[in-house]
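Let's walk through this structure together, one element at a time. Have the sequence and the coordinates open as you read.

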Amino acid sequence: PADSICVNEPILFNGTSTTNIIDWAWDFDDGNTGNGQTVIHSFASAGFYDVSLIVTNDSNCIDTVIHQIQVHELPQASITVLPDTAICAGERLTFNGSSTTNITSWYWSFGDGNNASGQNVTHAYTAPGEYTVSLTVFNNYDCIDTVYYQKIIVDVDIDFSMSNSPS
């Protein structure tokens, strides 16, 4: 398998052999084990793990292979919005992204069909309503996190009309 993945990312482990294997036993070095030639596993914590595969063939011979895998922490993205979450249509909001780990990409979706990239962006909503903003970040290991900012409410514009009153 690849030697580097992200926390909670499922990885397929596939054992191979040139002999007839009757037992495949996996140890993921995180307290979990698996059986079978092919298993799927994900790691709940960042760190280095020595994944071992112990096989027994039909002649009752046993062999072990160990591969180290590095599991990278996920970024933890967050959003702050300035100046306030309730604004009038046409006014600009500033969206600031922050995160743990080394972020290489910031992708914003404003819930109105518009998108932007960058850590800090501005956006103006042209129509009144409720919007859900999402920020998706990728770190230097391509680990991903998406966070949502709920209920950006844009105030409705109002007007009035006048007419002569009959006397």
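In which loop is N114 found? N114 sits between β11 (103–109) and β12 (115–117); strands here are DSSP runs of E with at least two residues, numbered from the N terminus. Before going further, note that this is a predicted model, where local features need pLDDT of at least 70, side-chain atom pairs count only at pLDDT 80 or more, and totals for chains, interfaces and linings use all residues. Residues are numbered from 1 along each chain as its sequence is written, and side-chain values use heavy atoms, leaving out hydrogens and water.

N114 counts as partly exposed because its relative accessibility is 37%, between the limits for buried (under 20%) and exposed (over 50%), with a 1.4 Å probe and protein chains only. Leaving aside neighbours within four places in sequence, N114 is in contact (heavy atoms within 4.5 Å) with W108, S109 and H123.

Next, look at the open sheet of three strands, ordered β8-β10-β13 with antiparallel pairing; two strands pair if DSSP finds at least two bridges between them. β8 (78–82) and β13 (120–124) stand at the edges with a single partner strand each, so one side of each has no neighbour in the sheet. β8 and β10 (residues 92–98) are joined over five bridges, and T80 stands opposite N96 in β10.

Finally, F95 and W108 are among the residues that touch the most other members of the largest nonpolar core, which has 20 residues. Such a core is a set of buried Ala, Val, Leu, Ile, Met, Phe, Trp, Tyr and Cys residues joined through side-chain atoms within 4.5 Å. β14 (129–139) gives the most to this core, with four residues.
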